[in-house]
Number of protein chains: 2
Amino acid sequence: MTIREITLDELNPEEFIAQQVETVSSTVGDGRAINALSGGVDSSTVTLLGHKALGDRLLTVFVENGIMRKEEPQRVVERFEALGVPVELIDARQGFFAALKGLTDPEEKREAITQTFYKTVFGKLVKESGARFLLHGTILTDVDETVAGIKRQHNILTQLGIDTEEAYGYQVIEPLLQLRKPAVRVVAKALGLSEAVYNRMPFPGPALAARVIGEVTPERAETVREATAIVEEELADTGAFQYLAILHQDKVTGMRAGKRDYGSQIEVRCWESADARTGSPTRLPFDILERLADRITSKVPGVVSVTYNVTKKPPSTIEAV
Amino acid sequence: MTIREITLDELNPEEFIAQQVETVSSTVGDGRAINALSGGVDSSTVTLLGHKALGDRLLTVFVENGIMRKEEPQRVVERFEALGVPVELIDARQGFFAALKGLTDPEEKREAITQTFYKTVFGKLVKESGARFLLHGTILTDVDETVAGIKRQHNILTQLGIDTEEAYGYQVIEPLLQLRKPAVRVVAKALGLSEAVYNRMPFPGPALAARVIGEVTPERAETVREATAIVEEELADTGAFQYLAILHQDKVTGMRAGKRDYGSQIEVRCWESADARTGSPTRLPFDILERLADRITSKVPGVVSVTYNVTKKPPSTIEAV
């Protein structure tokens, strides 16, 4: 099946919204649907479309996995409450950290997060909810990348641990399947989502686990979370494409109160880029770079050193893990 | 015993040189002496003083430990040959790498280098040479730091594995014992050493092993050596106090020819400092920072990422290991 793209030029957002609301509504009928909200633009858009179509017959869950940014779960839930959309906050931190325990390989960490999310947490919620319809924020780029072998396949039922036999009766609805990201942003805006959502800086699927080199423990997640909060605050006005903090596993020598003190290093990256395919480090003033270092080393326990990435992509990548 | 300091103000370099040459000459008589040259200002100065006093009755050795900078052994030997001072180049790379194998703890690495140098390599040379006199570049600061417990003690005979019984007849001569570094530089200049020697940038005792996080293998030493050569070339004109390249153990994601490629990271540090007790990162132009990254990632095999330190000392230290 070839999916027909709706290009940014073709898109009439109001018409698109009306059509998708109608499709969701007629597909679900008087049944119940469920979706997982991450706070990103795709899942936020799907949540609003689903809510318009189904009202309280849509169950939207936000899974707190322990590797979100500072206050992110609360902020996302409050944002949707303000729009009249109830979101159920599921505290699954223990399950994620248990799955991540002892893992240092980036691929294994990513797989542990995917498995915990789909099978252990969301899969269970789907079955318990009694919903037979899943709303999912797949976009055309996800399909392209699955075909090209860059991303794992997007057969969400398989990912949820629902096999074909048992799955009879389950249906996945993907309202954004014909759009690419720029078109999704237009729809998001037309739905009344704030700029913080429709222009949200890219954030990796494995969340802060993608910003931790080595094992992701609750303590190390907290370290990178605090550093990330400082970096996002200090660099908010740069207009950069993306900025991030990475917790390294290597220990470096530091000094506290005149004494030698091994500690951790945080690497800051800030990118100029159009589409993430290539990028260069933002030429930040040293006043900002030194303030970042001062704040991070004084506020984040255990951090004695801060570096700034000066490598272009390629040969670097945007994220480190 | 209290050592009387000769301050920079008091120092008359010509007089000091004449006195030390006389002392070395009368102490050694018609015997033979040996000394180890590292290329640093202290051992270079002692080598020239000893040569003035003893001529070819001084055996000067340079130990190639495999963790020197690019072309450093050859450069040091040639520099002294040009001054008419023969230096014996000892290839001890295998012994050092064997001792470093499997070690990742910074203290253990340092200890392995010290033990290999003093006991295995130089201790053996001393005994084989038949020399009963050792010239050593101890300066007053070394003694202070030994007393203060910062550095290991400077009892060189013990370090050479020569015990008190057997040592009867061995004598250590320390011509620079009353000087601190700035006075040594003045003496070095008066002896005709070039500015590259008397104003040499500080370089750590454990050499490039202090610039490698994790195990020091021949391959990893080569990686940091190549990166160091690029950093020293690019930053030579900055007038900075010290600049260096550090090879991290953490792997980060990179891209080569459009494909994902895990690789190594090099951290560059460049310091503004008066005396190494405090320091701030040099505010290098991004043109230089990006050129460093481009050259290092394209010329040094396996390196996909370069960062620049933006943390002051304290809480950072000058070196990382």
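This is a predicted model: local features need pLDDT of at least 70, side-chain atom pairs count only at pLDDT 80 or more; totals for chains, interfaces and linings use all residues.
User: Two strands pair if DSSP finds at least two bridges between them. With that in mind, which residue stands opposite A:Ala33 in strand 4 of chain A?

Analyst: Residues are numbered from 1 along each chain as written, chains are lettered from A and ligands numbered from 1 in written order, and side-chain values use heavy atoms, without hydrogens and water. Strand 1 (residues 33–36) and strand 4 (residues 133–135) of chain A pair in the parallel sense over two bridges, strands being DSSP runs (E, at least two residues) and helices runs of H or I (at least four), numbered from the N terminus. In that pairing, the residue opposite A:Ala33 is A:Phe133.

User: What is the strand order of the open sheet in chain A?

Analyst: This sheet has five strands, and its pairing is parallel. Strand 3 (88–91) and strand 5 (171–173) of chain A stand at the edges with a single partner strand each, so one side of each has no neighbour in the sheet. Neighbouring strands are turned against each other by 30° on average, direction ignored. The order is 3-2-1-4-5.

User: Moving to chain B, which residue is the bridge partner of B:Ala36 in strand 2 of chain B?

Analyst: Chain B has an open sheet of five strands in the order 3-2-1-4-5, with parallel pairing. Its edge strands are strand 3 (88–91) and strand 5 (171–173) of chain B, each pairing on one side only. Within the sheet, four bridges join strand 1 (residues 33–36) to strand 2 (residues 58–64) of chain B. B:Ala36 has as its partner there B:Val61.

User: How much area do chain A and chain B bury between them?

Analyst: The contact takes in 46 residues of chain A and 46 residues of chain B. In chain A, the residues that lose the most area to chain B are A:Arg283, A:Phe286 and A:Val310, together 19% of what that side buries. Of the total buried area (accessible area, 1.4 Å probe, lost by two parts on being put together, summed over both), 50% is on carbon and sulfur atoms. That total is about 3700 Å².

User: How far apart are the closest N and O atoms of A:Asp287 and B:Arg283?

Analyst: These two residues form a salt bridge, that is, a side-chain nitrogen of Lys or Arg within 4 Å of a carboxyl oxygen of Asp or Glu. The rule finds 10 salt bridges across the interface of chain A and chain B. Another pair that crosses between chains is B:Glu107, in helix 5 (residues 106–129) of chain B, with A:Arg260, in strand 7 of chain A, at 3.6 Å from N to O. For A:Asp287 and B:Arg283, the distance is 2.9 Å.

User: Which residue of chain B stands opposite A:Tyr308?

Analyst: Strand 9 of chain A is joined by three bridges to strand 9 (residues 303–309) of chain B, and the two run antiparallel. In this pairing, A:Tyr308 faces B:Tyr308.

User: Which residue follows A:Pro314 across a cis peptide bond?

Analyst: A:Pro314 lies in the segment after strand 9 of chain A, and the peptide bond to it from A:Lys313 is cis too, with omega near -20°. The next cis bond has omega of about 10°. That bond joins A:Pro314 to A:Pro315.

How values were computed: Contact means heavy atoms within 4.5 Å. Axes are lines fitted to C-alpha atoms, for helices over the stretch in contact, and angles run from 0 to 180 degrees between N-to-C directions.
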